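These are my notes from an afternoon with one structure on the screen. I wrote down each thing I looked up and what I found.

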Amino acid sequence: MKRIILFLLFFTCYNLFSQETYFIDNNEVKTVMYKNITKKTNIKGDYGYGGYYLHYHNKEGKLKKIAQSKLKELVDGEKRYINMKIGSMFGFRRLHEVIIQNDKYLLTQYFEAGFHYAYVKDKTTGKFVEKKIKISWNHKRDQKKFKKFILPYFKECFVFVKLVKENTKKHYRYTTDYTNYNRMFRGISNISCL
């Protein structure tokens, strides 16, 4: 029994420490993103993305950039981002964080200019059933938006619903800290409810 526990502990630790942060471009080429070892760049973490580009560090610690439109997927530990349209009339494509999916729908969030926007996509048709749902800095508004725009598609995902209700039951305020921090989906990423 001790050997099994030790093996499971070793396997878990190995997986935690061996997780890579990487992206896959439209040509299916995988590029590993490295830690910001120089701390001399103007992005806070190891990578960052804005309206058009993903900024990341290569093995030598140099800051590189690639257009988001050229990316298929980005993986950062448990978080997974996929390239999807953002609902603009020009058909722009950007990185969306996958929040949850069931057999019919996919919920993602897109971060732009200090705000998060939720999108619900029908996996069968490939079309948005809800798009550009602006996540606010007000827990009461977020409760209403969740109930109206998101819950109808994921009501059978009990753990997800419980987590969102827990996140939005307490008052939260606007903060000047410029991070892509979404209180509604805090601690929720890449959940499968199939």
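Is Arg80 buried, partly exposed or exposed? I found Arg80 partly exposed, because its relative accessible area is 25%. The classes I use are buried for under 20% relative accessible area, exposed for over 50%, and partly exposed in between, with a 1.4 Å probe and protein chains only.

**Ground rules**

I am working with a predicted model, where local features need pLDDT of at least 70, side-chain atom pairs count only at pLDDT 80 or more, and totals for chains, interfaces and linings use all residues. Residues are numbered from 1 along each chain as its sequence is written, and side-chain values use heavy atoms, with hydrogens and water left out.

**The chain as a whole**

I looked up the elements and found three helices and 12 strands in the chain. Helices (H or I, at least four residues) and strands (E, at least two) are DSSP runs, numbered from the N terminus. The chain has 194 residues, and 39% of them count as buried. I noted an accessible surface of about 12700 Å² for the chain, with 56% of it belonging to carbon and sulfur atoms. Such areas come from the Shrake-Rupley method with a 1.4 Å probe, and for residues only the protein chains shown count as cover. I then turned to contacts, meaning heavy atoms within 4.5 Å. Among contacts in the chain with a separation of 6 or more, 42% are between residues 24 or more positions apart.

**Salt bridges**

Side chains of opposite charge can pair when their charged atoms come close. The rule I applied asks for a side-chain nitrogen of Lys or Arg within 4 Å of a carboxyl oxygen of Asp or Glu. By this rule I count five salt bridges. I went through some of them.

Arg80 pairs with Glu73, at 2.7 Å from N to O. Glu73 counts as buried, because its relative accessibility is 18%.

Lys30 and Glu20 form another salt bridge, and their closest N and O atoms are 2.8 Å apart. Lys30 lies in strand S2 (residues 30-33) and Glu20 in the loop between helix H1 (2-17) and strand S1 (21-25), so this pair ties together parts 10 residues apart in sequence. Lys30 is partly exposed at 45% relative accessibility, and Glu20 is partly exposed at 34%.

Lys35 and Asp46 also meet in a salt bridge, at 3.6 Å from N to O. Lys35 is in the loop between S2 and strand S3 (48-49), as Asp46 is in the loop between S2 and S3, so the pair ties together parts 11 residues apart in sequence. I found Lys35 exposed at 58%, while Asp46 is partly exposed at 25%.

**Strands around S9**

How many of the eight residues of strand S9 are buried? I counted seven of the eight, in a strand that covers residues 105-112. For pairing, DSSP must find at least two bridges between two strands. S8 and S9 pair in the antiparallel sense over four bridges, and they form a hairpin with three residues between them. Within this pairing, Ile100 stands opposite Leu107 in S9.

S9 also runs antiparallel to strand S10 (residues 115-122), with eight bridges joining them. Here Gln109 stands opposite Ala118 in S10. The hairpin of S9 and S10 has two residues between the strands, and Ala113 takes a positive phi near 50° there.

**A surface patch**

I looked up a nonpolar patch on the surface and found Met89, Phe90 and Phe92, with about 400 Å² of accessible area together. Patches are made of residues with over 30% relative accessible area and no salt bridge; like charges are joined within 9 Å, and nonpolar side chains (Val, Leu, Ile, Met, Phe, Trp, Tyr) within 5 Å. Phe90 sits in the loop between strand S7 (79-85) and strand S8 (93-101). Phe90 is exposed, because its relative accessible area is 61%.

**Two more residues**

Thr168 is in helix H3 (residues 158-168). Thr168 counts as buried, because its relative accessibility is 3%. Not counting residues up to four places away in sequence, Thr168 touches His139, Asp142, Gln143 and Met184.

Asn190 is in the loop between H3 and strand S12 (191-192), and counts as partly exposed at 29% relative accessibility. The C-alpha atoms of Asn190 and Lys79 are separated by 6.0 Å, although the two are 111 residues apart along the chain. Leaving aside neighbours within four places in sequence, Asn190 is in contact with Glu78, Arg80, Val98 and Ile99.
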